[in-house]
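Okay, thanks everyone, I'll keep this short. Let me put the sequence and the model up on the screen.

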Amino acid sequence: MHTVLTRGNATVAYSLSVLAGLTFCCFISTVFLDYRTDANIKTVRVLVKNVPDYGASRQKHDLGYVTFDLETNLTNIFNWNVKQLFLYLTAEYETAANQLNQVVLWDKIILRGDNAVLDFKNMNTKYYFWDDGNGLKDNKNVTLSLSWNIIPNAGLLPSVRSTGKHIFKFPSEYASSI
């Protein structure tokens, strides 16, 4: 009655519908999990230097140098629906020109099966800590926090912030040499 192509089409369409339903069930089984964990962040060395920004203008802007310690255990985040984590350390601060400044200072990718226990001592930042003016010198409210994006097998891409953070201040004088 039906041709081979019609039967093949029906079989493939049914199989894809079943796979889509199973993928949705996989997504639903992990969407309500709490992926937050504690991170212990400390600054070891904090300096600020006033240097010219040759990219935009010849004006001098603040450049912060931060060395930090990071301790956290991310093994409880991994389940069968988590392929990898994209970690990033951000600094948030307020200046007279901008109410909220956010700068990514460091990042790392952790794949499933990799060691998810992080114990870094005396780490340098991976990216420059530039301010678009002179807002770092004597800034008393710079907050470091660790966040991560979860890359799942199926479902949403949540962005999660750790429960631990560290608040520090930049010195009131510029560093002469680094």
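So, first thing to look for: is leucine 22 buried, partly exposed or exposed? It's partly exposed, with a relative accessible area of 48%. Bear in mind that this is a predicted model. Now, the unreviewed UniProt entry puts a transmembrane region at residues 12-35. In the model that span is 79% helix and 0% strand, with its end C-alpha atoms 36 Å apart.

Next, the cysteines. The sulfurs of cysteine 25 and cysteine 26 are 7.1 Å apart, too far for a bond, because a disulfide needs them within 2.5 Å. The disulfide count is 0. Cysteine 26, by the way, is partly exposed at 28%.

On to the charges: there are 7 salt bridges. One of them joins lysine 121 to glutamate 71, N to O at 3.5 Å. Lysine 121 is in strand S5 and glutamate 71 in strand S2, so this pair ties together parts that are 50 residues apart in sequence. Asp119 is linked into a salt-bridge network with those two, Glu71 and Lys121.

Then there's aspartate 107 with lysine 126, at 2.7 Å. That one goes from strand S4 to the loop between S5 and strand S6, so it connects parts 19 residues apart. Aspartate 107 is buried, at 13%. Lysine 140, which bridges to aspartate 138 at 3.2 Å, is exposed at 51%.

Methods
Residues numbered from 1 in each chain as written. Predicted model: local features only at pLDDT ≥ 70, side-chain atom pairs only at ≥ 80, totals over all residues. Heavy atoms only, no water. UniProt positions renumbered as here; feature names shortened; annotations may be inferred. Helix = DSSP H or I, 4+ residues; strand = E, 2+ residues; numbered from the N terminus. Buried < 20%, exposed > 50% of the residue type's maximum accessible area, 1.4 Å probe, protein only. Salt bridge = Lys/Arg side-chain N within 4 Å of Asp/Glu carboxyl O.
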